[in-house]
Amino acid sequence: MNSDLRPVPLVLRAGPHLVLALLLVLVVVRALGTPGAGAVVALVAAIGLVDAAGILRGDLRLVPPGTHPSDGAPGPGRAATAWLSVVVALWVALLAVTPEAVWLAFPLFFLVLQVLPALVGAVTLAVLVGASVGAYVLHEGQLDVGAVLGPVLGAAFAGAAVHGHAALARESEQRRVLIAELSVAREDLAAASRNEGMLAERERLAREIHDTLAQGLSSIQLLLRAAERILDDAAASHAPGGAAAGADPRIADEVATAARHVTQARETAGENLVEARRLVRAWTSPDLDAGGLVHALERLAAAPDGPRVHVHVSGDAGPLGPDAEQAILRIAQSAVGNARRHAGAQRVDVTLSFMDDEVALDVVDDGSGFDADAVLARGAGADSGFGLPGMRARARSLGGVLTVES
């Protein structure tokens, strides 16, 4: 027996063998001093040895954890069937010798249901019940209600216990699979959230570098270039034969040295500016790299799968900040994705309208409707998803409003 089995399967697996052993001892005790006691002892010993061999053999393990042969799962195999056939044959022989062998039918009912497939097990169970009743009639010479009800009720109890355990095992396995799927989904969601947060932080850093560091380096480069020109003029005026008559040669050397330092500082600032711009390009969302927001929306419309997406732009496409462009693009992608995955839409119209002091994004599809208020009220969660609440959050972060009509 496996030590990791739960209590109920352990009782069902080990219980029949334990009860069989106790009843075998009882049969021997009852047979002592009676005619044929030697045959009874020999048959009981044979049954006990065969049962012990079945327990010790790993390939005779009964009822694989969480399964049952009646569920279509692979059973213990031919070895277990042969082992059970020997036990039953010895029991039938014992029935012919002593009526006390009828008691052994109850644990045998469990073994039959645990080893054999459903149909074969049911037929064998009926045969065992008939053999028990027949043995009673053979030894007692009469038939009464107790002789029939005992084996029948015992067989019914064994069937209910074994099949009830199988149902509980199936339910437990389904629950285990569901928990595993939920764990995987939670890990995927956490990974997606981390990835989105990382991308957002990289884009924020890119904007900060562009607006502060890169701009500052560019200004420093311009100032150093102007200082370089002034120093060049000063060096020329203090050079021999220059405009500054009688100039001190040391001043000319110092001016030349200062000019070299300024040149080196300008070149260093230029190299750092190139590196800063490279970081900005590497960390900026690739969707907005080539052509800005309008081109990104047009690329969204060019997706080969899903509904036909048509993009319309009205008004003068004025400059938008990177935060606004990123939010509008993500909202459009999420809305089109919802229409593709959930609405079964055939056509989606995306309209970007530039007005005097605001910009509007309208996404309209011809798909099936839904209760928008209920979805938004539930918020982000396992049942509602993150599409609509995420779009609302993006709009609010820029002082905008999300309106959903269905």
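Axes here are lines fitted to C-alpha atoms, and the angle between two of them runs from 0 to 180 degrees between N-to-C directions.

**Entry 1. The chain as a whole.** I note that the model is a predicted one. I looked up the secondary structure and found 11 helices and 3 strands in the protein chain. Read from the N terminus, the order of elements is α-α-α-α-α-α-α-α-β-α-β-β-α-α. Of the 406 residues, 32% count as buried. I also looked up contacts between residues at least 6 apart in sequence, and 66% of these join residues at least 24 apart.

**Entry 2. Helices α4 and α5.** I turned to α4, residues 105–115, and α5, residues 118–140; their axes come within 9 Å and cross at roughly 165°. Angles over 145 degrees count as roughly antiparallel, so α4 is roughly antiparallel to α5. The crossing of α4 past α5 is right-handed.

**Entry 3. The residues that meet.** From α4, I list Ala105, Leu108, Phe109, Val112 and Leu113; their partners in α5 are Gly121, Thr124, Leu125, Leu128, Val129 and Ser132. Sorted by class, this contact has 8 nonpolar and 3 polar residues, with no charged ones.

**Entry 4. Helix α5 by itself.** I checked the length of α5: at 1.5 Å a residue, its 23 residues should span 33 Å, and the end C-alpha atoms are 33 Å apart, which agrees. I then looked up burial in α5, where Gly121, Leu125, Leu128, Val129, Ser132, Val133 and Ala135 are buried. Just after α5 comes glycine 141, for which I noted a positive phi of about 75°.

Definitions and conventions:
Residues numbered from 1 in each chain as written. Predicted model: local features only at pLDDT ≥ 70, side-chain atom pairs only at ≥ 80, totals over all residues. Heavy atoms only, no water. Helix = DSSP H or I, 4+ residues; strand = E, 2+ residues; numbered from the N terminus. Parallel < 35°, antiparallel > 145°, perpendicular 65-115°, else oblique. Left-handed = near helix turned anticlockwise from the far one by under 90°. Contact = heavy atoms within 4.5 Å. Nonpolar A, V, L, I, M, F, W, Y, C, P; charged D, E, K, R; others polar. Expected span 1.5 Å × (residues − 1). Buried < 20%, exposed > 50% of the residue type's maximum accessible area, 1.4 Å probe, protein only.
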